[in-house]
Amino acid sequence: MNVNLINAGILSLAFLCLFAIAEWLYHKRKVEAELTRKLVHTVTGLLTLLFPPLLTSHWYVLLLCGSFLILLVASMKLNMLKSVNAVERITNGSLMYPVIVYGGFLVYHHFDQYVFYYLPILVLAICDPVASLVGRRFPIGKYRVFGQSKTLAGSFGFFASALVIGVFLLIGVEDYGVLFALSVATSVGVGAALVEAVTYKGYDNLTIPLAVHLILILYNLG
C-alpha cells in the first residue's frame with residue numbers, strides 16, 4: 001500500500017483529533033475562543049512539520065491542505081468549529097494557513113533546504129501566538145495599526161522568539177556558521193515582526209511566511 005497515503009491518513013486523523021479537542025475545550029470547559037484558536041494555530045503548525053519526512057509528494061500535501069481548507073470554509077458557512085471561528089475580531093487567518101503550508105512545501109522542494117519550510121512555519125506557529133500572549137500579559141507600548149491594537153512588548157516577543165528559532169534551525173539543521181545564522185535570524189525576526197505589526201484581518205498568516213521566504217532568498221540561501 002502507498003506509504004504516502006497511509007501517512008496522509010494518519011496526519012488527517014491527528015488534525016481531526018486536534019479540532020475535536022479544541023471543540024471540547026471551548027464547549028465543555030468554556031475556554032475562550034481566542035485561546036482555543038491559538039492552540040489549534042500552534043499545534044497545526046507543529047503537525048505540519050511532519051510533512052517533509054512523511055510525505056514525499058506535494059500532491060498529498062495538496063490533498064491534506066485542500067481538504068482542510070474546504071472544511072474551514074464549510075465551518076464558517078455553517079457556523080461550526082466555534083473553537084476556531086468564534087472570535088470577536090474579523091479574521092481570515094485560518095483560511096490562509098492551508099494555503100501557506102502547501103506553498104511553503106513547494107518552496108522547500110524547489111530549494112531542497114529544510115529551512116525554507118521549517119523556519120516560516122515555526123515563526124508562524126510559535127511567534128505569532130507568543131506576540132499575542134505577551135502583548136496581553138504585558139500591554140506595554142500600545143499602538144494601533146488599521147484599527148487593530150498592538151503592543152511593543154508583543155512585537156518584541158515575536159522578534160525574540162523568531163531570533164531563537166532562526167538561530168537554532170540555521171545552525172542545528174542547515175549547519176551554517178554562528179555569525180551568519182545570527183545575521184539571517186535577526187533579519188528574519190525584524191522583518192517578520194514588522195510584517196506582523198502592520199498586517200490585519202488574519203492575513204499575517206500569509207504575509208509572515210512570505211516575508212521569511214523573501215529574506216532567506218535575499219541572503220542567497222537557495
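**Ground rules.** I am working with a predicted model, in which local features need pLDDT of at least 70 and side-chain atom pairs count only at pLDDT 80 or more, while totals for chains, interfaces and linings use all residues. Residues are numbered from 1 along each chain as its sequence is written, and side-chain values use heavy atoms, with hydrogens and water left out.

**Helices α1 and α4.** I began with helix α1 (residues 3-27) and helix α4 (residues 58-77), whose axes come within 10 Å and cross at roughly 25°. For my own reference, helices are DSSP runs of H or I with at least four residues, numbered from the N terminus; axes are lines fitted to C-alpha atoms, for helices over the stretch in contact, and angles run from 0 to 180 degrees between N-to-C directions. The crossing angle makes α1 roughly parallel to α4, a label that applies to angles under 35 degrees, whereas those over 145 count as roughly antiparallel. From α1, the contact draws on Asn4, Leu5, Ala8, Leu11, Ser12, Phe15, Leu16 and Phe19, and from α4 on Tyr60, Leu64, Phe68, Leu71 and Leu72; contact here means heavy atoms within 4.5 Å. Sorted by class, the contact of α1 with α4 has 11 nonpolar, two polar and no charged residues, where Ala, Val, Leu, Ile, Met, Phe, Trp, Tyr, Cys and Pro count as nonpolar, Asp, Glu, Lys and Arg as charged, and the others, Gly among them, as polar.

**Helices α2 and α7.** Next I looked at α2 and α7, which pack at an angle of about 160° with their axes 9 Å apart. That angle makes α2 roughly antiparallel to α7, and α2 passes α7 in a left-handed crossing. On the α2 side I listed Glu34, Leu35, Lys38, His41, Thr42, Gly45, Leu46 and Thr48, and on the α7 side residues including Tyr117, Ile121, Leu122, Asp128 and Arg136. The residues of this contact between α2 and α7 divide into nine nonpolar, five polar and four charged.

**Helices α9 and α10.** The axes of α9 and α10 come within 9 Å and cross at roughly 150°, which makes α9 roughly antiparallel to α10. The crossing of α9 and α10 is right-handed. In α9, Val184, Ser187, Val188, Gly191, Ala192, Val195 and Glu196 meet Asp204, Thr207, Ile208, Ala211, Val212, Ile215 and Leu216 of α10, and by class the contact of α9 with α10 has nine nonpolar, three polar and two charged residues.

**The core.** Which residues have the most contacts inside the largest nonpolar core? They are Phe51, Leu119 and Val123, in a core of 58 residues; such a core is a set of buried Ala, Val, Leu, Ile, Met, Phe, Trp, Tyr and Cys residues joined through side-chain atoms within 4.5 Å. Among the helices that each supply at least two residues of this core are α1, α2 (33-48), α6 (93-111) and α7 (115-137), and α7 gives the most, with 12 residues.

**Single residues.** Cys65 is placed in helix α4 and is buried, with a relative accessible area of 8%; buried means under 20%, exposed over 50% and partly exposed in between, for a 1.4 Å probe and protein chains only. Not counting residues up to four places away in sequence, Cys65 touches Phe51, Pro98, Val101 and Tyr102.

Leu81 lies in the loop between α4 and α5, and its phi is near 50°, a positive value in a residue other than glycine. Asp175, in the loop between α8 and α9, also has a positive phi, of about 65°. Is each of these two buried or exposed? Leu81 is buried, at a relative accessible area of 12%, whereas Asp175 is exposed, at 67%.

How values were computed
Angles under 35 degrees count as roughly parallel, over 145 as roughly antiparallel, 65 to 115 as roughly perpendicular and the rest as oblique. A crossing is left-handed if the near helix is turned anticlockwise from the far one by less than a right angle, and right-handed if clockwise.
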